Amino acid sequence: MEIEKMPVNTTYSAKWTGTGAIPAVGQKVVVTMNRFGPGTVTGHVVRDGYLAVLVELDSPPEWYVSQCAKKSLNPKAPAAFFGTEIRP
C-alpha cells in the first residue's frame, strides 16, 4: 500500500492523539508501540480523521523484519504511528 505524505507546513484538521506537539519532519522519536524503538519522522499522514507520523526506524526489531520479509515488504520503509504510540 502506498502512503501519501502530507505537505510540510500544513495546518491539519485531523485529531492528534499525542500529549505533546506534533513532531516535525526530521525529528527523532521513540516508537513505544510493540517496542519498535527509535526512528526519524519523515512525514505525516491522515488516517480515518487521525494524524499519524511516518517514521523510518533506526533498527527495526527482528520480529518486524521477519514479518516484512514474508510479505515482501521493506522493513526500513517509513511506517505510520499515531501520537499515543510515540514519545519524543
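In this tour, Ala, Val, Leu, Ile, Met, Phe, Trp, Tyr, Cys and Pro count as nonpolar, Asp, Glu, Lys and Arg as charged, and the others, Gly among them, as polar. The model is predicted, and local features need pLDDT of at least 70, side-chain atom pairs count only at pLDDT 80 or more, while totals for chains, interfaces and linings use all residues. Residues are numbered from 1 along each chain as its sequence is written, and side-chain values use heavy atoms, with hydrogens and water left out.

Select Gly-20, Ala-21, Ile-86, Arg-87 and Pro-88, which of the 13 lining residues are the closest to the centre of the second largest pocket. A pocket is an open set of points on a 1 Å grid over the protein atoms alone, where a 1.4 Å probe fits and protein lies on both sides within 12 Å along at least five of seven lines; lining residues have an atom within 4 Å of a point. The second largest pocket holds about 160 Å³ of space, and its lining is made up of seven nonpolar, five polar and one charged residues.

**Second stop: the nonpolar core**

Next select Val-31, Val-55, Phe-81 and Ile-86, which touch the most other members among the 15 residues of the largest nonpolar core. Such a core is a set of buried Ala, Val, Leu, Ile, Met, Phe, Trp, Tyr and Cys residues joined through side-chain atoms within 4.5 Å, where buried means under 20% relative accessible area, exposed over 50%, and partly exposed in between (1.4 Å probe, protein chains only). Two or more residues each come from strand 1 (28-31), strand 3 (50-57), helix 1 (62-70) and strand 4 (79-82), and strand 3 gives the most, with four residues. These elements are DSSP runs numbered from the N terminus, helices being H or I with at least four residues and strands E with at least two.

Now select Phe-36, Trp-63, Tyr-64 and Phe-81, which form one aromatic cluster. Rings of Phe, Tyr and Trp (its six-membered ring) pair if their centres lie within 6.5 Å, and planes under 30 degrees apart count as stacked, over 60 as edge-to-face and the rest as tilted. Trp-63 and Tyr-64 make an edge-to-face pair, 5.8 Å centre to centre with 75 degrees between the planes. Trp-63 counts as partly exposed because its relative accessibility is 39%, whereas Tyr-64, at 13%, counts as buried.

**Last stop: Tyr-50**

Finally select Tyr-50, which is found in strand 3 and counts as partly exposed because its relative accessibility is 36%. The C-alpha atoms of Tyr-50 and Phe-82 are separated by 7.6 Å, although the two are 32 residues apart along the chain.

Note on methods:
Grid points are joined across faces, edges and corners, and a volume is the space filled by probe spheres set on the points.
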